[in-house]
Amino acid sequence: MGERPGPSIYSIAAHRGFADALVAGLVPRYRDDTLGLAKLTLLLPSTRAVRTVTEAFIRHYGAEGRKGMLMPRMAVVGDLDLDETLGALLDPLGATDIPPPVDPTKRWLRLAEILRDEMGDDAPGSATVLRLARDIAATMDRLLVEDIGPEALLKDAVLDLLGDLSGHWQNGLHLFARVQTRWLAELKTLGALDAASRRNRLFDYAAKRWKETPPKTPIVAAGVTSASPALARMLRVVAELPEGAVILPDFDVSMQESVWEELGAAGDDEGERDTPFERGDAITHPQYHLKLLLNRMGIAREEVRPWHRKGMMAASPDRTHAISNLFLPPEASKGWAQLPAEKRRLAGLRILETANPEEEAQAIALLVRQAIAEPEKRVAVVTPDRGLARRIVQHLRRWNLEADDSAGQPLSQTPAGRLFLLLAEVMAEGAAPVPLMALLEHPLVRFGQDRGAWLKQARALELELRGPRPAPGLEPMGEIAEEAGVTEWWAEAHAILDPIMVNAGPVKLSDILNDFADAGEKLCGDALWSREDGRALSAFIEDLRLTAEDVGTSIDAADCHTVLREAMEMVAVRPPYGGHPRVAIYGLLESRMSRADLVICGGMNEGSWPATPATDPLLAPPVLRALGVPGADFRIGLSAHDLAAALGAPEVVLSRAERDISGPAIPSRFLLRVKALLGQDLAARHTETVMLAVAKAIDTTEPAPDYARPEPTPTAQQRLQRISVTALDRLRSDPYQFYASNILRLSDLDTLDAEPSAAWRGTAAHEILEEWHKSGRPMAEVAGEVLQQMNAHPLMRALWQPRLMKALEWVEDTIAGFDGRKPALFEEWGEVTFQGVHIFGKVDRIDTLSDGTLAIVDYKTGGPPTGKEVEAGFALQLGTIGLMAEAGGFEKLTGTATRFEYWSLAKNDKSDTGFGYIATPVLEGNKRSGIPPEDFLPQAREYLEGALDTWILGDAPFTARLNPDAKVYATYDQLMRLDEWMGREE
């Protein structure tokens, strides 16, 4: 890096390894025998880059055998993301007259207040307003980074577009302009600046000062690729300092001039262009943003020189020409057909294509495991897909390999963040069962020795809560807790949660955050705050609480969960150090400047790498282009540059899954270019097949033997059961279901917040009818009282109760129209003994007919059994009840049953109320199936005695699905492993 005229600007090729090559060149040039590198100021793009370069210095000193050396001062000056705050590190330069930056949280909340005021009665809910405020803040930053002030919105180039824009774009532009004007006026009153504006002023201040008074110590800007105008001006000054230099990553110094020109204007506003960006600009090219930076620095590409050193893990330069050709713009890529073999060589690159993300993660984990078996070999997995990264981390634990995902995960997905959101969800949904039990059973709750006792009580409440949602609020839970036998425990939980149960409507955000924090701490103690996610949550709450209190922010209680979740998703929680020293998992931002012997690029699908460009919600693309802002596809070029850097590693694997959670996935355009460049023959040779086969086979075991149809044979003592009349139907239709429910005593559990099941609706209808029959009160009054006692949720009642009432009205009208027939027995239990076996059951209703005989009635909320089911003996309930009535099984009534009826409450167009009809299982009228009336009870007795002789008193096995045509529930299909033997039975 000798003295040469002109600016000192260099490029480190991808294959050299940026951080290691940078250090290899800086140390001999700037090292001082006494002070080491302490005089050097190194300007880097991000805090992650500082860590990467620090590690490169350590490796370099270790390879030289040095015990240590004073490091350079490393300052973060900017990167491609607007979240990186650079102003504070430049304040010591003396820029005291530059106003301080406004707090970003305060700006967000104040913009929301301005928006709500501007939109007036048309303002949406608080969650939507806060989301729109965040979008406006991002758009403002995007313009400020480009040195575009609000006056630019009044330029002729913008005003001329208004007539061509659709209505919503015009409204968005006007709203943005009004909000920005009011915000800037507020900033002036506060004596503050937006963070982006302050950074620009700091850059301009530093450039002015360094140009007027060049520093006596060297300054080197390395890896900075942000093309913001203010930063570009400062970098130009750094490049012209006597001991200054700018070092770019992966700038293609060998690119042909015709290709360089095809990239487009790239911010060059010289000539007769309306805007510095043209429609035809190749903004998705990996070199486009570097051309934009050079144009804004005022430096020709010929002035960029190759860096004179290479890193410790430098790869062969053979791949350099292929990488350059890989991303050629459209016209230049026509030359692929004539490319010689040496210019399409991608030795050391493999392509891994799997069926799904799980298989992809397994194969990548195997590649990592294979690589670290080689001493000192380092592996980096680079993927923008955080779900894939988490899968890889879990798979690596198979070999006790802990790998840190340096991109972290959103605070909302961490244990502490999730608990805080559950508190908001419990409040917003009125203590609905799912969020309530998820909160009370959260892993952080009672994190200590008494957690077991707490969980025992919580699970008892959960069992009682299963089924349809009860009425909202904590009060109805008291009765449920009493039924579960956890009254004292619930009193403690109720006292903790009661302060957060606010009524619907606006609430002060600061107050509700205080209440959530108090409730969370009472539930979890110090465990809520003790880990890295807890510390991030504490900082998040404190910042938002204090700012919301200062601004006076109020939100709808129902929107609280949404607001907090979206805010938490902006906070990344990174793991503490302690993972495997030679394994790293990076996002795209974190991977920049990093280096490894093997780089695995995962998630190479469209929408992931590159990500789908997001259109600005307020400013139309033509408006942004007229303002001089790069288009939405600009970030595709950055993703391409990240891939080009990764391709410089000694070994590279490009990985994708053919399907993702939403269906078939489209391969990344970059991966398709790699395949096209290689050609069909070479692509086949570069395909990774070994690890794919191992990934498919790693969990494969010997095939399990065929599972036979279950035929359990319990002992005679186990068979002798007290049997209900409904269980007799199961015994004949599917003996295994009887065995599972009556002998094994296994019952189906409802889910939490379940839809009202047929059984639940039947229970409700039967209780209403029983109370109505016995009390004689109006049906509507009885129904409302019963449903209230069952804690039925208002929404469920609103949807189902009107249908039920129409059906019950039909019952009431039908009974009122009886002539000579009178209901005599309602919801009465009876018991009788047949062949020494106790049979019991509850009759819905028994009527006395005019001739003194009985009519057996069974209420159904759905459809009744068909005649064929009755003929086959799979629906014996009415017949068995009739036999019980004849045998004196009911204390209050005995007689001969001659009528058997199902009263269905289902929809019926022929009913006056639209619901309800009567069906009979006997063969009468124009029915084609059923049992003749005179044979009904004898046939029922024959079926009953046969079932008792075969399974209860006999030794026949309880065969699963003995009658495949019988209508049975699927409750025990998993227990009987139905799918494993159905269709193979003899």
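**Salt bridges and their surroundings**

Mentor: Arg 178 has a relative accessibility of 38% and therefore counts as partly exposed, since that class lies between the limits of 20% for buried and 50% for exposed. The model under discussion is a predicted one. The partner of Arg 178 is Glu 118, and the closest N and O atoms of this salt bridge are 2.8 Å apart. Glu 118 belongs to helix H4 and Arg 178 to helix H7, so far as sequence is concerned 60 residues away, and the pair links distant parts of the chain. Glu 118 is also partly exposed, because its relative accessibility is 23%.

A search of the whole structure returns 52 salt bridges. One of them joins Arg 107 to Asp 194, with 3.2 Å between the closest N and O atoms. Arg 107 lies in helix H4 (residues 104–119), while Asp 194 lies in the loop between helix H7 (167–190) and helix H8 (195–212); these distant parts of the chain are 87 residues apart. Both members of this pair, Arg 107 and Asp 194, are buried.

A further salt bridge brings together the side chains of Arg 350 and Glu 688, at 2.8 Å from N to O. Arg 350 is in strand E7 (residues 349–354) and Glu 688 is in the loop between helix H27 (669–685) and helix H28 (690–697), so the bridge ties together parts that are 338 residues apart in sequence. Glu 688 counts as buried because its relative accessible area is 7%, which is under the limit of 20%. Elsewhere, salt bridges with shared partners join Arg 821, Arg 845, Asp 847, Arg 899, Glu 901 and Glu 924 into one network.

Other buried positions may now be considered. His 285 sits in the loop between helix H10 (257–262) and helix H11 (288–297). With a relative accessible area of 5%, His 285 is buried. Leaving aside residues up to four places away in sequence, His 285 touches Met 255, Leu 263, Phe 327, Leu 328, Pro 329 and Gly 637.

In strand E1 (residues 9–12), Ile 9 and Ser 11 point one way, Tyr 10 and Ile 12 point the other way, and all are buried. E1 pairs in the parallel sense with strand E5 (residues 244–249) over 4 bridges, and with strand E6 (residues 304–306), also in the parallel sense, over 3 bridges. Ile 9 stands opposite Val 246 in E5 and has Val 304 as its bridge partner in E6.

Helix H15 (residues 386–396) has buried residues too, among them Leu 388, Ala 389, Ile 392, Val 393 and Leu 396. An α-helix has 3.6 residues a turn, so residues three or four places apart point the same way. The cover over the buried residues of H15 includes helix H14 (357–372), strand E8 (379–382) and strand E13 (583–586).

Leu 744, Leu 746 and Leu 975 make a nonpolar patch of about 220 Å². Leu 746 is placed in the loop between helix H31 (735–743) and helix H32 (758–775), and is partly exposed because its relative accessible area is 36%.

Technical notes
Residues numbered from 1 in each chain as written. Predicted model: local features only at pLDDT ≥ 70, side-chain atom pairs only at ≥ 80, totals over all residues. Heavy atoms only, no water. Buried < 20%, exposed > 50% of the residue type's maximum accessible area, 1.4 Å probe, protein only. Helix = DSSP H or I, 4+ residues; strand = E, 2+ residues; numbered from the N terminus. Contact = heavy atoms within 4.5 Å. Patch = residues over 30% accessible without salt bridge, like charges linked within 9 Å, V, L, I, M, F, W, Y side chains within 5 Å. Areas by Shrake-Rupley, 256 points an atom, 1.4 Å probe, with all protein chains shown as cover. Salt bridge = Lys/Arg side-chain N within 4 Å of Asp/Glu carboxyl O. Pairing = 2+ DSSP bridges.
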